Amino acid sequence: MSDTFIPAITPLAHMERAARVKVMIFDVDGVLTDGSLTYGPEGEVTKTFNVLDGLGIQLLNKTGVQTAIISARLSPIVVKRAADLGISHVHQGIHDKRIGFAKLLEATGFTAEQCGYIGDDVIDLPLFARVGFAVAVPSGHPEVQHRAHYVTKNAGGRGAVREVCDLVMRAQGTYDQALAPYFA
């Protein structure tokens, strides 16, 4: 699989792709979190989210870009975090992420080309092949990084999502306006 030739993507190309994003989709484990799962004494799983990522999602929402989660794992913590951040589309417990993606496209009316997706493992590759803007995190699987239009500098759960939100806003010319209330 690694022998497949994929042409190099220029920096300008990823900004052009980000400019077309109408829906930014996030994986959870390894993207919104650092990929760690902590099990409590009763077997409950906890996750840790980054506040910088959270504000980035909220700012992106305010610019009119919709946000979504598609995750193979089912977690009530993710539902709570999504509600806190205003993420309006949450599809969990779907190992074949193409199913969640099809539901998202139907619900939003946007095309696959108008979607961005950030993921970290091979389970995300079917969406990488469909979206207009595919993003990987630096700790992601090499096959995923190899097929991404952009690889973040920040790690999953450590600012990667904020980096992508800022990048999309900059590409769409909404970054300064989104941050303006904080410079008053």
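My entries below go from the background to the cores, then the aspartates, then the helix.

**Ground rules.** I'm working with a predicted model, where local features need pLDDT of at least 70 and side-chain atom pairs count only at pLDDT 80 or more, while totals for chains, interfaces and linings use all residues. Residues are numbered from 1 along each chain as its sequence is written, and side-chain values use heavy atoms, with hydrogens and water left out.

**Cores.** I looked up the nonpolar cores (sets of buried Ala, Val, Leu, Ile, Met, Phe, Trp, Tyr and Cys residues joined through side-chain atoms within 4.5 Å). Buried means under 20% relative accessible area, exposed over 50% and partly exposed in between, with a 1.4 Å probe and protein chains only. The largest core has 31 residues, and Phe26 and Ile118 are among those with the most contacts inside it. Elements giving it two or more residues include strand E1 (23–26), helix H2 (51–62) and helix H7 (160–172); helices (H or I, at least four residues) and strands (E, at least two) are DSSP runs numbered from the N terminus. H7 gives the largest share, seven residues. I also noted a second, separate core of 16 residues, which includes Tyr117 and Phe128.

**Phe26.** I checked its contacts (heavy atoms within 4.5 Å). Beyond neighbours within four places in sequence, Phe26 has among its partners Ile57, Tyr117, Ile118 and Cys165.

**Asp124.** Is this one buried or exposed? Asp124 is buried, at 0% relative accessibility. I found Asp124 in the loop between strand E6 (115–119) and helix H5 (125–128). Its side chain reaches the backbone nitrogen of Asp120 at 2.9 Å. Leaving out residues up to four places away in sequence, Asp124 touches Asp27, Lys97, Tyr117 and Gly119.

Asp29 lies in the loop between E1 and strand E2 (38–39) and is buried, at 17%. Its side chain makes a polar contact with that of Lys47 at 2.5 Å. For a polar contact I need a pair of N or O atoms within 3.5 Å; within protein, one must be able to donate a hydrogen and the other to accept it, and residues adjacent in sequence count only if both atoms are side-chain atoms.

**H3.** Its buried residues are Val78, Arg81, Ala82 and Leu85.
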